[in-house]
Amino acid sequence: MTRCQRRWASVLGFGNRRPALSTHVPIAESPSYPYGNRRKGSTTPLSQPHGPRLLRLEFGHQPHSKLINAKSPSRKSMSTTASDLIMEDKLQSVTLRDQLRVAYPWTAAPLIVGAPMRVMSGPELAVAVSSAGGFGFIGPGEKPESTAADLETAKGLIASSSIPQHGSTLPVGVGFQIWNGNLDVSALAVSQHRPAAVWLFAPRNGQTDVDVWTQRLRGGSPDTKIWLQIGTLQEALDAVRSASPPDVLVVQGAEAGGHGRTSDGSGFITLLPEIADATRESGIPLIAAGGVADGRGVVAALGVGAAGVAMGTRFLASQEARIKKGYQDEVVRATDGGANTVRTHLYNHLRGTFGWPEQFSPRTIVNRSWAEKQAGATFEDIKKRHDDAVSKGDSAWGPDGWTATYAGANVGLIRSVAGAHDIVTGTRREAVNIIQTLSGL
Ligand SMILES: Cc1cc2nc3c(=O)[nH]c(=O)nc-3n(C[C@H](O)[C@H](O)[C@H](O)COP(=O)(O)O)c2cc1C
């Protein structure tokens, strides 16, 4: 068992029990492990990180009847071929989904996560998402100290919510940006308030920085799981091979709103399955992020091996988001994200934010500032007009506006503001309907 598998096994209560399924097959027969740490010719069992290989699809709070028991006599009597192995390995993502449901018992499948968006995902949004059977994350605040205050607010909201009591941790998570985060202040907030998970993102120096944060946060709150958002295969490999691997990897595709990989990202539809193949033995579940705005995106993500999805931009258009009306209106208005969003540091700089590591840049809806830059205007000129527009309020956003409108390439799929509870339950319902329809194929 890897360290990660041991950690999950203890969450799941399987201790060091040997995995129930042991299919001894020379790994050389399986072409699906281009990166794994299995040696060619090894007879390492194809083990599950936990329990019997029951591939269970559960929808909503109702366990779905579709159980595939790989230990059934008929299954066992079949001779295992390379293609059987590939299929079993691909279906492992289904059992990893169960892993998350056990770890976060208030959640329903398919798992929908409210991504931590700086300032905009506050405690109201995070608790509303978790109340609907999703997993809500609070984003980094204006100041490092804001996180403790947000967690305190979340605690009060949870106490008066219908979310069932969940062990010693709060049924919400919290996000930190490593490159400019304050580890001392963040670690204190986490050890005092014990969110169920911390979502780390944007290290300046790669996994080395992530390890420092992971060890410190785990030291102060051992039951808090570490989620790490990455956007490349290499980042994923560095994470699973590190001394302190995360409990969950969030695979962020290039469509994502907010910051993501500047030049080496790709859509999760290709990135996630490649990472799944490369990290399978770690037993670390993958969450897909980037471009998901409704049930169709959820089904796509599950189909390529995600254990759940994280949505950011969709929740910008929620009643609970901490967002200005002009900004929210623009997210609802904008269409055709390919044409009307771009990755650029321009808006960071106009807002006075400098210093982001060059490997990350934000996706934003374009407006006059971008058009002027394209036309050759100087930064100083654009900045003057930007500041003037911001002083006038909500008109700073929109096609004739000047200020940052961070959002994903999925803006065209977002057509109205809704309550976060309805967004989560509606998206889940759509996904289940699509899966059930497709299952008739
Ligand atoms: C306005 C905005 C702010 C964001 N801020 C953060 C952040 O502070 N930390 C982080 O890890 N991710 C942040 N993200 C990225 C999200 O975690 C997530 O990857 C992304 O929203 C997923 O893509 P989607 O927007 O298409 O749903 C932000 C996204 C948006 C839209």
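Predicted model: local features only at pLDDT ≥ 70, side-chain atom pairs only at ≥ 80, totals over all residues.

Q: OK, how many helices and strands are in the protein chain?
A: The protein chain has 17 helices and 13 strands. It runs to 441 residues, and 48% of them count as buried.

Q: And what share of the contacts join residues at least 24 apart?
A: If you take contacts between residues at least 6 apart in sequence, 69% join residues at least 24 apart.

Q: Now the core. Which residues have the most contacts inside the largest nonpolar core?
A: That would be Val251, Ile287, Ala288 and Val309, in a core of 107 residues. Strand 6, residues 195-201, gives the most to this core, with six residues.

Q: Let's zoom in on Val309. What does it touch?
A: Leaving out residues up to four places away in sequence, Val309 touches Ile112, Val113, Ile287, Ala288, Ala289, Val292, Gly297, Val298 and Ala301.

Q: Switching to the ligand: which residues are closest?
A: Phe201, Gly257, Gly258, Gly312 and Gly408 are the closest, out of 30 residues that surround the ligand. As for elements, strand 5 (170-177), strand 6, strand 11 (308-311) and helix 11 (313-316) each give two or more residues to that shell.

Q: How does the shell divide into nonpolar, polar and charged?
A: There are 14 nonpolar residues, 13 polar and three charged in the shell around the ligand.

Q: Is Pro110 buried or exposed?
A: Pro110 counts as buried, because it has 25 C-beta neighbours inside 10 Å and the cut-off for buried is 20 or more.

Q: What does Pro110 touch?
A: Setting aside residues up to four places away in sequence, Pro110 touches Val298, Leu302, Gly308, Arg428 and Ala431. The C-alpha atoms of Pro110 and Asp98 are separated by 9.9 Å, and these two are twelve residues apart along the chain.

Q: What about positive phi: what's the value for Arg194?
A: Arg194 has a phi of about 45°, although it is not a glycine. It lies in the loop between helix 6 (183-193) and strand 6. With 18 C-beta neighbours inside 10 Å, Arg194 counts as partly exposed.

Q: And Ala202, what's phi there?
A: Phi of Ala202 is near 65°, again positive in a residue other than glycine. Ala202 is in the loop between strand 6 and helix 7 (207-220), and it is buried, with 21 other C-beta atoms within 10 Å.

Q: Last topic, helix 17. Which of its residues are buried?
A: Ala420, Ile423, Val424, Thr427, Arg428, Ala431 and Val432 are buried in helix 17. They cover an arc of only 155° around the axis, so they lie on the same side of helix 17.

Q: Why would that spacing put residues on one side?
A: An α-helix has 3.6 residues a turn, so residues three or four places apart point the same way.

Q: Which exposed residues are on the face turned away?
A: Gln436 and Thr437 are the exposed residues on the face of helix 17 turned away from its buried side.

Q: And how far apart are the end C-alpha atoms of helix 17?
A: They are 27 Å apart, which agrees with the 27 Å that its 19 residues (420-438) should span at 1.5 Å a residue.

Key. Residues numbered from 1 in each chain as written. Core = buried A, V, L, I, M, F, W, Y, C linked by C-beta atoms within 7 Å. Buried ≥ 20, exposed ≤ 12 C-beta atoms within 10 Å, placed from the backbone. Helix = DSSP H or I, 4+ residues; strand = E, 2+ residues; numbered from the N terminus. Contact = placed C-beta atoms within 7 Å. Expected span 1.5 Å × (residues − 1). Arc of directions from axis to C-beta. Near = placed C-beta within 6 Å. Nonpolar A, V, L, I, M, F, W, Y, C, P; charged D, E, K, R; others polar.
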